[in-house]
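Have the structure open and follow along.

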Amino acid sequence: MSNADAGGEGEADETWLTVGEVARHAGLSVRTLHHYDQLGLLHPSGRSASGYRLYAPGDLARLLQIQHLKSLGLNLDEVGAALDVEEFDAASVLEDHITAVERRIADEQRLLRTLHALRKAAQTGWREVLSAVEQTERLRHPEPHVRFRAALETTDGVPLAELVQQLVADPVSGVREALTWAIARHGSEALPHLLPLLRHADPAVRTQAAHTLSKVGDRAAAEAVVPLLQDGDAVVATKAAQVLGRLGGPDAVQALVERVGSGPREFDDAVMTALEDIGSEAVEALLERLTATSSRTRSGAAEALGLIGDPAAAPELAPLLQDPDAAVRFEAIVALGQLDGDTATAAIAQGETSLDERVAQVATRLLSKRRATASSG
């Protein structure tokens with residue numbers, strides 16, 4: 001290359017490039033290279049006789065390094081430090097940029113989900129789209145009362161994904177409850193959004209997701225809720241039992257019956273209430289547990305059968321009045337007292353002769369009440 005581009009004086013070394021040539025090769029503007037020079041990021045190693053900037057191969061190698069570092073998201077100050085500061089903390093800077101990129105990706109994914117969800121509103125027109133966007137923005141308002149009203153007033157145009165996202169993020173229980181009902185209105189369409197939250201790292205989110213599924217009321221969710229009965233967080237496990245009681249179905253029945261008498265009192269109470277909510281659908285499985293090895297299981301099964309109150313359980317409960325465990329005998333007589341029918345009455349009468357004084361006393365009291373009821377009727 002001649003020195004003509006650099007002032008036309010003499011012959012130039014072929015290894016030198018002018019700023020214009022570097023700009024063309026690197027895909028940058030001359031102004032950018034001048035800016036790099038002013039910042040001290042990339043000084044040209046030479047000057048022509050006319051004062052034009054001339055870049056050596058080493059300068060081009062540094063420029064390539066600058067472009068590589070910029071492609072990672074580093075700003076120019078960070079690029080300069082990375083190249084020139086010996087104690088530059090590369091790991092820390094990269095971690096910061098990883099976090100920033102992940103945040104941007106999450107924001108973009110959320111935007112994409114919103115755009116997909118707004119398709120439904122767009123079928124009617126832009127007015128509906130703008131209304132849905134306005135409602136969505138109100139769901140993110142800093143004032144809880146605004147978010148609460150927005151949740152109550154949501155229309156079908158508001159993306160379901162936005163409702164669920166806000167449900168996870170909102171710190172106010174009242175707003176979350178309003179969002180729960182807004183989501184429940186979508187019915188089974190909400191399941192794909194809620195079920196993954198049952199595996200969320202935060203137990204509060206798992207609890208809220210299970211609670212919302214109970215309002216949706218689709219039995220198809222029961223299978224996914226069942227594992228939460230063994231959750232390490234007691235609140236989550238108790239909520240799971242409550243939810244399964246509301247959902248019902250074979251999966252819920254089997255899981256609840258298997259957990260009878262297996263946990264702390266609060267959890268056991270939740271299991272009992274859940275089985276009572278399910279009702280006669282759980283009787284057959286509970287009857288099988290009356291012969292379990294564990295006395296806690298037998299006792300719990302008897303208690304649950306009493307709460308359900310299905311007379312068909314009386315013949316299976318009667319033998320438990322002779323159970324070797326006093327707690328089982330007591331639950332059996334109490335359960336029989338909650339059942340109607342001659343079979344239950346006959347079993348209670350046998351209990352009057354029990355060697356277990358407490359069972360005999362309860363049996364006498366129960367028979368007295370039954371006779372009084374019969375005579376008044």
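At roughly what angle do the axes of α20 and α21 cross, and within what distance do they come? The axes cross at roughly 140° and come within 9 Å. Please keep in mind that this is a predicted model.

**α20 with α21**
- The crossing of α20 and α21 is left-handed.
- On the α20 side you will find I333, L336 and G337, which meet A344, A347 and I348 of α21.
- Sorted by class, this contact of α20 with α21 has five nonpolar residues, one polar residue and no charged ones.

**α21 with α22**
- Helix α21 covers residues 342–351 and helix α22 covers residues 357–376; their axes lie 8 Å apart, at an angle of about 135°.
- That angle makes α21 oblique to α22.
- Here, too, the crossing is described as left-handed.
- From α21, the residues A344, T345, I348, A349 and G351 meet V359, A360, A363, L366, L367 and R370 of α22.
- This contact of α21 with α22 divides into eight nonpolar, two polar and one charged residues.

**α20 with α22**
- Helix α20 spans residues 326–337, and its axis comes within 10 Å of that of α22, with a crossing of roughly 0°.
- The two helices, α20 and α22, are therefore roughly parallel to each other.
- A326, R329, F330, I333, L336 and G337 are the α20 residues in this contact, and R358, V359, V362, A363, L366 and R370 are those of α22.
- By class, the contact of α20 with α22 holds eight nonpolar, one polar and three charged residues.

**The three-stranded sheet**
- Three strands form an open sheet in the order β1-β3-β2, and their pairing is antiparallel.
- Which strands stand at the edges? They are β1 (17–18) and β2 (46–47); each has a single partner strand, so one side of each is left without a neighbour in the sheet.
- β2 pairs with β3 (residues 53–55) in the antiparallel sense, over two bridges.
- To find this pairing on your screen, look for G46, whose bridge partner in β3 is L54.

Definitions and conventions
Residues numbered from 1 in each chain as written. Predicted model: local features only at pLDDT ≥ 70, side-chain atom pairs only at ≥ 80, totals over all residues. Heavy atoms only, no water. Axes fitted to C-alpha atoms, helices over the stretch in contact; angles between N-to-C directions. Helix = DSSP H or I, 4+ residues; strand = E, 2+ residues; numbered from the N terminus. Parallel < 35°, antiparallel > 145°, perpendicular 65-115°, else oblique. Left-handed = near helix turned anticlockwise from the far one by under 90°. Contact = heavy atoms within 4.5 Å. Nonpolar A, V, L, I, M, F, W, Y, C, P; charged D, E, K, R; others polar. Pairing = 2+ DSSP bridges.
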